[in-house]
Amino acid sequence: MMRLALDEARQAADRGEVPIGAIIVIGDEVVGAGFNQPISGADPTAHAEIVAIRAAARAVGNYRLTGATLYVTVEPCLMCVGAMIHARIGTLVYGADEPKSGAIVSVMHAHEAPGLNHRFDVVSGVLARECGALIQDFFQARR
């Protein structure tokens with residue numbers, strides 16, 4: 001599934017967006033997919049995770065994605081962690097750490113904040129080198 005998320009990330013890169021991709025799976029079925037598009041969409045909330053959550057919610061006809069697994073190429077930011085909590089994502093699987101704004105382990109542990117009404121499991125480091133290289137190559141090319 002992370003390879004599918006990487007395919008989404010490459011679509012973002014092809015459009016000049018930061019190459020992050022996300023896939024949402026319930027059971028064995030992909031119910032949502034997305035890639036970063038805040039620039040092209042003039043929408044600061046159009047991160048890959050948010051786009052995928054919106055697509056999955058439409059596909060299943062419910063804003064609650066209980067039991068879903070979200071695969072994303074880079075550690076989510078605070079906004080995306082909040083969306084995962086509200087959507088009731090069951091498991092987060094991500095590739096590369098994001099040392100500047102990652103809200104799972106790098107900058108904060110937002111999903112563990114006291115008072116939250118939902119928790120999700122986290123699996124990190126899946127295809128981390130490949131996911132990290134995609135981001136690094138993108139920014140090196142822009143410099």
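## Ground rules

Residues are numbered from 1 along each chain as its sequence is written. Since this is a prediction, local features need pLDDT of at least 70 and side-chain atom pairs pLDDT 80 or more, while totals for chains, interfaces and linings use all residues; side-chain values use heavy atoms, leaving out hydrogens and water.

Five of the six residues in β1 are buried, meaning under 20% relative accessible area with a 1.4 Å probe, protein chains only.

Strands count as paired if DSSP finds at least two bridges between them. β1 runs antiparallel to β2 (residues 29–35), with six bridges joining them. Their hairpin has two residues between the strands, and Gly27 there takes a positive phi near 65 degrees. β1 also pairs with β3, again antiparallel, over four bridges. Ala22 bridges to Gly34 in β2 and to Val72 in β3.

## The nonpolar cores

A nonpolar core is a set of buried Ala, Val, Leu, Ile, Met, Phe, Trp, Tyr and Cys residues joined through side-chain atoms within 4.5 Å. The largest one has 29 residues, and Ile24 and Met84 touch the most other members. Another core, of eleven residues, lies apart from it and includes Leu6, Val25, Tyr71 and Cys131.

Beyond its neighbours within four places in sequence, Ile24 is in contact (heavy atoms within 4.5 Å) with residues including Val31, Ile53, Leu70 and Ile89.

Terms used:
Buried means under 20% relative accessible area, exposed over 50%, partly exposed in between (1.4 Å probe, protein chains only).
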